[in-house]
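Biologist: I am new to this structure and would like a close look at a single part. Please take the aromatic pairs and describe them one after the other.

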Amino acid sequence: MADRTSLSICLITSDPAPRVASILAPLRAYSEEILIAADSRVDEQTLAGYDALADRLFRIEFCRAERHLAWLLAQCSRDWIMRRDGDEVPSRAFVRRLPEMLSSRTAQQFWTPNAWVFPDPDNFLDEAPWSEDFACRLMRNDGTLRVPGVQHLHAARSRRGSTSRSPSTTSIC
């Protein structure tokens, strides 16, 4: 059986295009597709910036991210899905471990700590409460995902999977 290493990266955003670019830049080499769902209220310049970053660009009538999440995940066509928010930057350790995570044959999801970009693309918040949040950001695209559509609840698998812990930056479940 071949390793499942193809990756879709998706995000729902209305954030400035340079910020989104800083989030996607370290991940682009690992992905086969980037999907951006843009809030319909963003201006044409921001939309053009997104278009330069995305393989597929959508406009949505934004209500809250969770309302659109199941739909966006269903648009992803690769073996793994990485979901980002428009204000989260992946850590260097996460990017370094990404090939290992993508080649896992047992993990269904990877829960990672988040870092929020603020006030510009080169800085992020690293104090409580922002530094203590873990979220499911990397998941298999295998038909087992369920999205409750409730604010601040993440996609979860619908069947049992393995659990292990990694001290470097990623909790795996």
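Modeller: What follows describes the aromatic pairs and the places of their residues. This is a predicted model, in which local features need pLDDT of at least 70, side-chain atom pairs count only at pLDDT 80 or more, and totals for chains, interfaces and linings use all residues. Residues are numbered from 1 along each chain as its sequence is written, and side-chain values use heavy atoms, with hydrogens and water left out.

The structure holds 2 aromatic pairs; rings of Phe, Tyr and Trp (its six-membered ring) pair if their centres lie within 6.5 Å, and planes under 30 degrees apart count as stacked, over 60 as edge-to-face and the rest as tilted. F58 and W71 form an edge-to-face pair, with 5.0 Å from centre to centre and 80° between the planes. F58 belongs to strand β3 (residues 56-60) and W71 to helix α3 (residues 65-75), so this pair ties together parts that are 13 residues apart in sequence. Helices (H or I, at least four residues) and strands (E, at least two) are DSSP runs, numbered from the N terminus. F58 is buried at 17% relative accessibility, whereas W71 is partly exposed at 37%. Buried means under 20% relative accessible area, exposed over 50%, and partly exposed in between (1.4 Å probe, protein chains only).

W80 and F110 form a tilted pair, at 5.7 Å centre to centre and 50° between the planes. Because W80 lies in strand β4 (residues 80-85) and F110 in strand β5 (residues 109-113), the pair ties together parts that are 30 residues apart in sequence. W80 is buried at 0% relative accessibility, and F110 is buried with a relative accessible area of 2%.
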